[in-house]
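Reader: Could you take me through the aromatic rings in this one, and what sits around them? Cut-offs included, please.

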Amino acid sequence: RMARRKALVRKMNAVETLGSVTLIATDKTGTLTENRMMVQEIDSPDLDRAFAAMVIANDSEEEAGVGDAVDLALLDFARKNAADTARIARGHRRTHSRPFDSAYKFMSVTVNDGLRDTTYFKGAPEVLLEKCHMSKNERVEWETKMRNIARNGMRVLGIAWKPDGGDQSVEFLGLISMWDPPRPEV
């Protein structure tokens, strides 16, 4: 009967175990989704600086459309919201970069605008919030926003910056809500 329904099972006790399952967790990227990240919203007190962070802390190539799905989505969102991404990228010469690593959960890029070095960060908001100097109330407010975004099924990305370089006592720029649309057949 199971074979007629296209179910292949090597061990019958697996079927018994599955009968008591109440929750299945699966990696959805590219399997259940289109693997095409989209920025839904940005929550930032300084949108101009936030757009700069989205463009500068980014390793994709906009013209070629090559790069990580998250980076491409950030550039697309910035461009659609009147940020001159080409001008921002041209006006900031990269002097140092630290690629994203799952051990420290953020990436950073230091650029020089002709006057000074500035470092931009993109990564796990909880990690970036730990590097920021802010009041306890501000931190709680951002953490609450972060949890609410995640509760709605969105991916949450944090952005920050630090004038004059370095990666401690950074300024938190905000949260970016992203989602990967499900495939039509799902």
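Author: Start with the cluster: Y104, F106 and F121 are linked by ring pairs. A pair here means Phe, Tyr or Trp rings (for Trp, the six-membered ring) with centres within 6.5 Å; planes under 30 degrees apart are stacked, over 60 edge-to-face, and the rest tilted. With that rule, the count is five aromatic pairs.

Before going on, a word on where the numbers come from: this is a predicted model, in which local features need pLDDT of at least 70 and side-chain atom pairs count only at pLDDT 80 or more, while totals for chains, interfaces and linings use all residues. Residues are numbered from 1 along each chain as its sequence is written, and side-chain values use heavy atoms, with hydrogens and water left out.

Back to Y104: R98 lies over the face of that ring, 3.9 Å from the ring centre. To count as sitting over a ring, a charge needs NZ of Lys or CZ of Arg within 6 Å of the ring centre and within 35 degrees of the ring normal.

R49 does something along those lines with W161: its charged end sits over the ring, at 3.7 Å from the centre.

Next up are F51 and F77, a tilted pair with 6.3 Å from centre to centre and 40° between the planes. F51 belongs to helix 2 and F77 to helix 3, 26 residues apart, so this pair ties together distant parts of the chain. Helices (H or I, at least four residues) and strands (E, at least two) are DSSP runs, numbered from the N terminus. F51 is buried at 10% relative accessible area, and F77 is buried too, at 15%. Buried is under 20% relative accessible area, exposed is over 50%, and partly exposed is in between (1.4 Å probe, protein chains only).

Then there's Y120 with W161: the ring centres are 6.5 Å apart and the planes are at 20°, so this pair is stacked. Y120 comes from strand 4 (residues 117-123) and W161 from strand 5, 41 residues apart. Y120 is buried, at 1% relative accessible area, and W161 counts as buried at 13%.

Y120 also turns up in the largest nonpolar core, which has 29 residues; L74, Y120, I176 and M178 touch the most other members. Such a core is a set of buried Ala, Val, Leu, Ile, Met, Phe, Trp, Tyr and Cys residues joined through side-chain atoms within 4.5 Å. Helix 2 gives the most to this core, seven residues.
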